[in-house]
Every structure is written in structure tokens, then in C-alpha cells.
Amino acid sequence: WQYSPLVSVITIAYSNPKSKSKTLELAMEAVQMILSALTTPLMVLSVPLVLLGLFAHFAAGVSLHYMLRCFYLEFLLRWKASKLPDPPAKKADRYVPPNAGEEKLRGVAVPSWKEYSASGQVGPPTKRVESLFPKGQLPHGEELAYSVESRFLKGGLMAMPLLSSFGGSRRQKESAVEGVEEDEAWTHKVNCLREGAEVHRQVRQYVQQKVRPGKELRQIVEMVENASSTLVGFDAKNPLRRSFAFPTGLSLNECAAHDTVNPGDEARWLLPTDLAKLDFGVQIDGHILDCAFSFTFCDLHDELMQAVKEATNAGIRFAGPDALLNEMGAAIQEVMESAEVHRPDGKVLPIYSIKNLTGHSIAPYKIHAGKSIPSCNTGGSARMKCGELWAIETFGSAGGIGYVVNSGPSSHFMRGSLDPPRNFQLNALSSNAKTMLELIDKRFGTLAFCPRWVLQEATRSKTKFSKVSTGRGSGGSWWEDSLHELCNMGIVTPYPPLSDLPGCHTAQYEHTILLRGSGKEVLTRGSDY
């Protein structure tokens, strides 16, 4: 009805051209009413949108468009998930051990035993990597120059250099590209990183040769952790000197990250059709190596794994001092989403980069040091700097929507800092929770941990806990209650499993790189991937 005056104007103009004054008067009235009808809701919406945009830019460092898209994707994911039929309480095949098969592992190039043992390592691996290279001649990672050619990305948009990041349309910031002082501390850091990278290579390549369908997930996780502990030289008397960097992630199918085995979990077995992501890391003197790969025994997932692997390599090629992280995300998304998955039934599934999982900078004893590499254009303005250590990781999804939400109980936890809790926090904790906090600070510091490791450390150190549930946490076992207390008081942060749409498949590949003055070194690169 707001537009009825405008209809009158047109009618009068055609029926009585002499009524110009009346026509003008009605036209002005129509314009005023239209503007009033449009501006009122716009004014109501503009204030929260402006506030949200300011928060996105200054607090989150992203654009309003990216934040609104994340809200939309989360709504879409939860809505689609609610429309799916309820899954059975248990997937029978997941909890019944299948017949162990000899299927070929896919997703990485598994080295032969001759290649694996060339360094002098045995199987199962029991020799410390440090002892295999007594003169400190540790293997280098893949060394790449900061050349213009290395910043070209293949296909589509990536066929042209992104000049805004590499000196085409503006000068690089001197603070970002100036070299690092390669003093004794820097040399020690590089040696620690190279040793840690060799530990990771030898552990994962041994696991690649041994893992088969029919293996219990706990067996795979413990295989990784036992080998890592031995090869890195873990010492329980000085646990923060050399150790795991974070819990061994073994996430299946739609679960993209942050899943591992908890104490008391029912046995689960690896199935031939599973798409698994194995994500683990080690640290030496706080210098963390973070690296992950996907594997399966089914050729249905080859195209998804290849697309994600190429996207990770695109991110590595793009990396360098003064590289704009937002443009890296756009490049990663372009490479990944240019691929498709072709099913035997003729269906073609698009591949989506997972928009809210990112690569990240790494600092001593801090797996996430503050800056992130997205897998899409976020509108951010952060850049890489010379001397920084980065985990370049990408996640892709086929059959999902390219977004993850929390799913299931947490198995990853971390202290954000070692600042002592405030008095009101301590007063609210039970004696068990206080004891657990002391154990966490001493054994893990600011490194991520899982409940299995807490119980292992409690047994080793003979720490006394009351094994009776306090009823102040989740209502579960005593250790669950204590962890929930620490999380509820904001002292410890939980990191639940992250999943896309149930029934879809996700893949991940990751490498740790160091931005040196003379070039970048892909520390964890190996013959496998």
C-alpha cells in the first residue's frame, strides 16, 4: 500500500497531462512514503550490523561478510543435521572387530622397509633420533627460496602472481622481511626443529607400514605415542624438555579434528572405508613440530585427499615474509574447491574448504601463537614475518558444507597460561581438582593434553586422588569431575571433536615450515607426503 501514491501519479500523468502541479505534489508524497517505509527497518538493522562489523574487524580481525557467512553455515549445518534420521545408538560394525585385511594404505606414499631403515632405525623404532646423527648432522627439510616463481599457484586464479603480497603494487614492510639474527639461540632452535621433524617422519612412516583395517583405534594411538616418546627421548623427571606436543588426534570421516581415545571408551576398530586423519606432534625445548596426514584403504576418497594435499602445498608455496594471510586463504580455497569427488553411482560431490579450521603460527610451548591461516578469504590484514614458525594445514569436506561444530565429549584440553588461578576460582575447586591442576602445570605446562596422559602421570608420580566422584562436575568418573571443574572455572580450556555434517568425509594435510632469512624450510616434508 505504500506504493499507491506512485500509481496515482502515473495514472494522472497519462490521463490529464495538464495537472502538472498535482502530479508533482503526489510524486513528492510517494517518494517520501517509500523512503520512510524503507529507511525505518534499515535504521533498525544498521546499528547492530555496524556494531557487529566493528567487532569483527577490531576484535576478531575478519570481515563482517566472513562472520555472517560463518553464522549462516553453522545454522545450515545444524538444520541439515536435524533433518537426518537418528543414527543407531551404536554402529555395530564400529564396535565389532572386523577381519584384519591387507588392503593397501592410500593417501600417502608408504616407504619400503629398505628406505625406512636407511638411517639405521629398527622396527619397532627404539633408537633415539639424536643417537642416529651423533655429529648433529640432522636431515634438513625441503628448502625453498622466496622466489616469485614459487608464489605462482596452478590453475584458474592461481595462474597469476598475487602482486599485492609480493611487491607488485606496494613495497614490502621492512619489519616483515628483515632477516633474523642467526645467533647461537637461533641455531639451537633450528636443530631442535630438525630433530623433532625427523622424529615425526620416522614415527609416522612406521605407523603407515603397520596400520591396517581391523586395528583398534587405541592400538594405533598408543603405537604413535610409544614410538614418539622413545625416539624423542622423553624423560619423566624433566617432562617439558622433550615430549609430545599435543594429544594424538585420530579423527574419522565427518570428524575433522580433536578426537582421540579417552579412558573408559568402548573399543572401536578401524574400518576399510574409514577416512582417518592422524595428527600428532613432538616438542624439544618447547620448539613444536605439528604435522598431519589422511589415510584410508578405499579408493572412494582419493580425489578428496589429493585436493586437500594440493591445497596444503599451495599454502606452502605462497608462504613467505610479508605474505597476507587473507590472500593465502583465498589461494587455498581456489585450489581445493576446483576439484570434485566422483562416486561410482555417478554422483559428483563438490569439495569445500572447511571455513573455520585454520593453519596457525607456533611459539615455544604454544601450539597456537595468535595468528591463523584461513582456508578462505576472511578480510583480515595479518601477515607473515621472517623468523616465524608456521603450521600450514588445510581441511576439506566432501558431502558436507565446509564448516565444523563441536561434537561429542572433549578429549583435548589445554592451559592457556600458567598464571595462578584467582582466589575465587581456587575456593570453588575440590581437593581433587586442585591436585589435578598441580599435576597439569608440572607435567604439561601450556602444552595440550588428554585424560589418558593425566591418568598415566598420576600413576607414575603416585599422586593421590580421591577415586570417589564428587558430583561437582559431569557426574562421571572422578577424573571427569575434576577436569570439568577446572574447565567450568575457566582455568583449563576444553577442545571438543569438530565435525561437519554426519555421513560426509573430511581430509587434512599439514606441514610445519620455518621462515628463515635465506628461504623457507618445510621441516616435516618426507618421501611419504
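In which loop is the place of Thr-260? Thr-260 sits in the loop between β3 (255-257) and β4 (276-284), strands here being DSSP runs (E, at least two residues) and helices likewise (H or I, at least four), numbered from the N terminus. The model is a predicted one, in which local features need pLDDT of at least 70 and side-chain atom pairs count only at pLDDT 80 or more, whereas totals for chains, interfaces and linings use all residues. Residues are numbered from 1 along each chain as its sequence is written, and side-chain values use heavy atoms, with hydrogens and water left out.

With a relative accessible area of 2%, Thr-260 is buried (under 20% relative accessible area, with exposed over 50% and partly exposed in between; 1.4 Å probe, protein chains only). Its side chain reaches the backbone oxygen of Thr-248 at 2.8 Å. Apart from neighbours within four places in sequence, Thr-260 is in contact (heavy atoms within 4.5 Å) with Val-221, Pro-247, Thr-248, Asp-265, Arg-268, Ser-411, His-412, Cys-450 and Arg-452.

When neighbours within four places in sequence are left aside, the contacts of Thr-312 are with Ile-392, Thr-394, Tyr-509 and Glu-510.

Helix α10 (residues 302-318) also meets helix α11 (residues 325-337), their axes coming within 8 Å and crossing at roughly 150°, where axes are lines fitted to C-alpha atoms over the stretch in contact and angles run from 0 to 180 degrees between N-to-C directions. On the α10 side the contact involves Ala-307, Val-308, Glu-310, Ala-311, Ala-314, Gly-315 and Phe-318, which meet Glu-327, Met-328, Ala-331, Ile-332, Val-335 and Met-336 in α11.

Helix α13 (residues 431-443) and helix α15 (residues 478-488) pack at an angle of about 80°, with their axes 9 Å apart, an arrangement that makes α13 roughly perpendicular to α15. Asn-432, Ala-433, Met-436, Leu-437 and Ile-440 of α13 form this contact with Trp-478, Trp-479, Ser-482, Leu-483, Glu-485 and Leu-486 of α15.

Note on methods
Angles under 35 degrees count as roughly parallel, over 145 as roughly antiparallel, 65 to 115 as roughly perpendicular and the rest as oblique. A polar contact is a pair of N or O atoms within 3.5 Å; within protein, one must be able to donate a hydrogen and the other to accept it, and residues adjacent in sequence count only if both atoms are side-chain atoms.
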